[in-house]
Amino acid sequence: MKQLSLALVLFFSGSILFAQELQSPSQFLGYSVGAKYTRHHRVVEYFKSVAQAKPEIVKIEKYGETNEGRELLITIIASPENLKRLESIRHNNLSMAGVLKDNSAESIADAPAIVWLSYNVHGNETSSSEAAMLTLYTLVDPKNATSKEWLKNLIIIIDPCINPDGRDRYVNWFNSMVGMHANPEPLAREHVEPWPGGRSNHYNFDLNRDWAWQTQVESQQRLKKYNEWLPQVHVDYHEQGFDQPYYFAPAAEPYHELITQWQRDFQGLIGKSNASYFDKNGWLFFTKERFDLLYPSYGDTYPIYKGAIGMTFEQGGIRSGLAILNKNGDTLTLTDRVMHHYTTGLSTIETSAKNQQRLLKEFRQFYTDNKSGKIGDYKTYVFTSKDENKLLAVKKLLDQNGIESGTINNKKFIGYNYFSGKEESFVDEGLHLAVSSYQSNAVLAKVLLEPKTKLSDSNTYDITAWSIPFAYGIKTYAVKEKLDVNTDFKSASVITMQSANYGLLIPYTSLNAAKVLANLLKNNVKVRYTTLPFSYNGKEYDRGTLVVLKTSNASVNWSAIANEACQKYHIQPVAVETGLMDKGADFGSPDIRIINSAPKVALISGEQSSSLSAGEIWQFFDQQLDYPVTLVNATDLGRFNLKNYQVLIVPDGTYKTLTDKTTTDKLKDFVKSGGKLIAIESAADQLAGADWGIKLKEDKTEDKNEYAALKKFADQERTALTGSIPGAIYKVELDNTHPLAFGYPDFYYTLKRDSNIYEFMKEGWNVGVLKKEGYITGFSGVKVKSKLKDGTVLGVQPIGAGSVVYMADNLMFRQFWENGKLLFCNAVFLAGQ
Ligand SMILES: [Zn+2]
């Protein structure tokens with residue numbers, strides 16, 4: 001008892017000691033907002049200090065950490081009454097969306113609407129986190145009667161910084177560059193950020209392309225939180241080039257066809273309100289241009305597909321530091337940028353507060369329409385595969401997005417087969433996964449799964465095709481009939497340990513098998529793989545099947561390591577007790593190749609390489625494959641000892657290095673003496689431009705119209721579109737007898753983002769080619785369509801004892817192009833062995 005009261009005394013005295021007075025950002029920071037950049041931990045500390053000073057209206061929830069260990073959090077601001085019943089408000093909101101087990105209690109009568117403001121997703125678009133502090137202070141300031149009125153109708157959630165690693169990368173760099181006084185000269189050192197810049201996260205991913213795919217820890221943790229709340233309004237804060245004025249809603253065409261009239265209308269209301277404040281101050285802005293609403297993985301579109309009004313606000317400001325001279329002759333300061341973001345934030349809150357009832361009604365209607373099966377012509381989507389890992393990969397993506405999936409009993413139906421492009425009777429490949437469009441997330445399901453996205457305008461900011469069946473390479477049917485989907489999909493197979501005296505077989509049909517291979521090599525197990533099909537014990541095995549034998553592996557516990565890797569990556573190994581096969585090559589045959597040691601892999605990075613492309617590969621090795629990779633700056637290639645490496649990967653980039661004769665000779669020697677060079681996108685194009693043995697196809701189509709040169713000035717954007725391909729899906733025919741394509745059928749769907757294609761190689765293997773009819777879906781300008789025919793997109797060229805692998809497309813685009821990853825692994829481990 002005595003102890004307890006002492007604890008209580010300590011508790012109370014502690015809370016008195018640490019209770020803080022509410023401070024404005026400038027009181028807390030010691031400088032006025034905009035005078036300096038605030039490092040991320042200070043932004044966090046300010047938010048925490050406000051929560052401590054005003055616990056009756058502010059609550060902080062930590063939702064995770066970044067790769068570099070920085071804190072991710074949201075701050076909830078509500079009236080004292082609402083903060084007390086926060087959980088019931090949240091439940092009620094989710095009930096309106098129908099995503100809870102029991103949605104019966106939902107009511108909009110006394111529910112506040114939820115406005116969520118996300119700041120600084122691009123780390124070097126820095127003004128917004130500064131604005132977030134001012135916005136928070138205004139909302140909680142006891143002298144502010146207006147904000148109290150708003151809080152009667154709203155819950156406001158602020159994420160002060162989505163991308164802390166990127167922000168601090170920029171801020172720390174800038175603070176170390178700037179002198180006593182900011183220099184507005186646009187080319188002053190403080191405005192020229194070094195590679196890779198602060199825009200991206202730790203692995204150089206663009207987090208504003210990752211909302212749906214959730215390949216990054218920041219997105220995974222944030223989306224979990226986001227989907228626990230489902231706000232009615234979401235703003236994503238950005239900056240664009242410093243010569244641009246401010247951009248706010250309404251957005252530009254194209255809009256996805258599922259965007260509702262209300263979602264369009266409310267953008268208009270916000271635009272009017274923002275404009276009135278900007279007009280009062282004489283500030284410039286634009287609306288309805290450039291920023292469209294289509295690609296589903298943005299901070300505006302994703303919330304829209306989840307029933308909110310999602311918007312992007314863009315201040316002019318990238319590179320501008322504390323002050324910069326713009327093309328209008330004005331000096332744009334950080335304070336200006338902060339004030340603009342601050343203004344649109346409050347204007348959005350005000351407009352949302354005024355329209356709270358309508359926001360809730362429309363939000364509920366959105367979900368009612370979702371559940372009623374009104375969304376789209378297809379009522380069910382059915383994936384089918386022999387390989388459970390492929391279905392589990394899709395299931396994971398659907399789960400992350402709250403899209404329900406399961407199994408069907410009725411397998412007699414006709415549907416649109418994505419791969420054949422025809423209506424056909426369903427053919428079960430063995431296992432299946434079904435998605436019904438009678439569900440709360442029918443809109444998002446349709447956006448992600450539909451075979452073709454309808455484009456109201458082809459002038460768009462991003463890729464125009466992302467359909468999951470193509471990206472994941474899984475046979476799928478889109479069915480107009482409503483099929484009953486039981487949400488009981490469970491992983492059927494339990495992987496059992498196999499003890500074998502002679503060896504183990506590991507089927508090679510999904511990315512997981514490549515992960516097993518990487519794991520075995522890393523653990524010094526020698527792995528064989530078959531280059532021809534064979535059968536053992538009455539079962540057929542395809543090319544690429546991994547063979548781990550007792551022989552050659554005397555020095556390691558090969559069986560335990562292989563069994564463990566198979567458990568980890570969910571693949572059933574098969575025990576073999578003899579090297580004699582029923583059919584096909586025996587294990588001693590030269591058609592069974594051996595990988596004697598783990599290849600050492602180097603990846604070109606740094607200046608000249610594309611930070612996104614290098615980052616994707618880095619993250620893939622580091623986080624997914626769990627296999628060592630050495631990152632080397634392109635500028636250090638000349639003095640880098642390639643003799644210690646077997647594989648050199650050159651990601652997309654613009655390489656001076658590849659035009660330098662000494663370096664080129666060095667690379668050729670590396671390949672001739674047994675090395676493998678993997679060149680991706682523009683790196684491959686650059687080799688094609690030099691004399692490496694592959695050539696880019698030229699555009700030979702001639703415009704026969706004699707007035708073709710007479711173009712109308714006003715049509716210039718449209719004319720340019722004929723040669724544009726922002727991202728469309730093409731069918732690549734694969735030679736799957738080549739190790740580069742092991743584990744695949746004889747085709748692969750690629751995301752084409754440029755019109756580059758190579759002439760068929762005469763001295764080498766044209767493993768992936770486009771023939772006449774490769775185009776599947778997405779926008780591809782007429783000139784591009786006519787060019788993307790009869791050429792190679794994946795080639796392997798043997799040179800001396802080594803080889804070069806050319807990849808015209810990015811096989812791991814934004815890491816969501818799941819089906820490219822196995823090809824990439826094949827390039828690293830199998831091709832050119
Ligand atoms: Zn941005």
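**Briefing on local features**

Ser559 has its place in helix 18 (residues 558-568), where helices (H or I, at least four residues) and strands (E, at least two) are DSSP runs numbered from the N terminus. This is a predicted model, in which local features need pLDDT of at least 70 and side-chain atom pairs count only at pLDDT 80 or more, while totals for chains, interfaces and linings use all residues. Residues are numbered from 1 along each chain as its sequence is written, and side-chain values use heavy atoms, with hydrogens and water left out.

**Ser559**

- With a relative accessible area of 16%, Ser559 is buried, a term that means under 20% relative accessible area, whereas exposed means over 50% and partly exposed lies in between (1.4 Å probe, protein chains only).
- Ser559 and Ile474 are 85 residues apart along the chain, and 32 Å separates their C-alpha atoms.

**Cysteines**

- Zero disulfides are found in a search of the whole structure, a disulfide being a pair of cysteine sulfur atoms within 2.5 Å.
- For Cys566, the closest cysteine sulfur is that of Cys825, and at 15 Å it is too far for a bond.
- Cys566 is buried at 0% relative accessibility, and Cys161 is also buried, with a relative accessible area of 2%.

**Helix packing**

- Helix 6 (residues 127-140) packs against helix 12 (residues 334-354) at an angle of about 50 degrees, with the axes 8 Å apart.
- That angle makes helix 6 oblique to helix 12, since angles under 35 degrees count as roughly parallel, over 145 as roughly antiparallel, 65 to 115 as roughly perpendicular and the rest as oblique.

**Backbone geometry**

- Most residues other than glycine have a negative phi, and most peptide bonds are trans.
- Trp195 and Pro196 are joined by a cis peptide bond with omega of about 0 degrees, and Pro196 sits in the loop between helix 8 (164-177) and helix 9 (217-229).
- From Ala249 to Pro250 the peptide bond is cis, with omega near 5 degrees, and Pro250 belongs to the loop between strand 6 (246-247) and strand 7 (252-255).
- Although Asp626 is not a glycine, its phi is positive, at about 55 degrees; Asp626 is in the loop between helix 19 (611-625) and strand 28 (630-633) and is partly exposed, at 36% relative accessibility.
- Glu681, which is not a glycine, has a positive phi of about 50 degrees; Glu681 is in the loop between strand 30 (676-680) and helix 21 (682-689) and is buried, with a relative accessible area of 7%.

Technical notes:
Axes fitted to C-alpha atoms, helices over the stretch in contact; angles between N-to-C directions.
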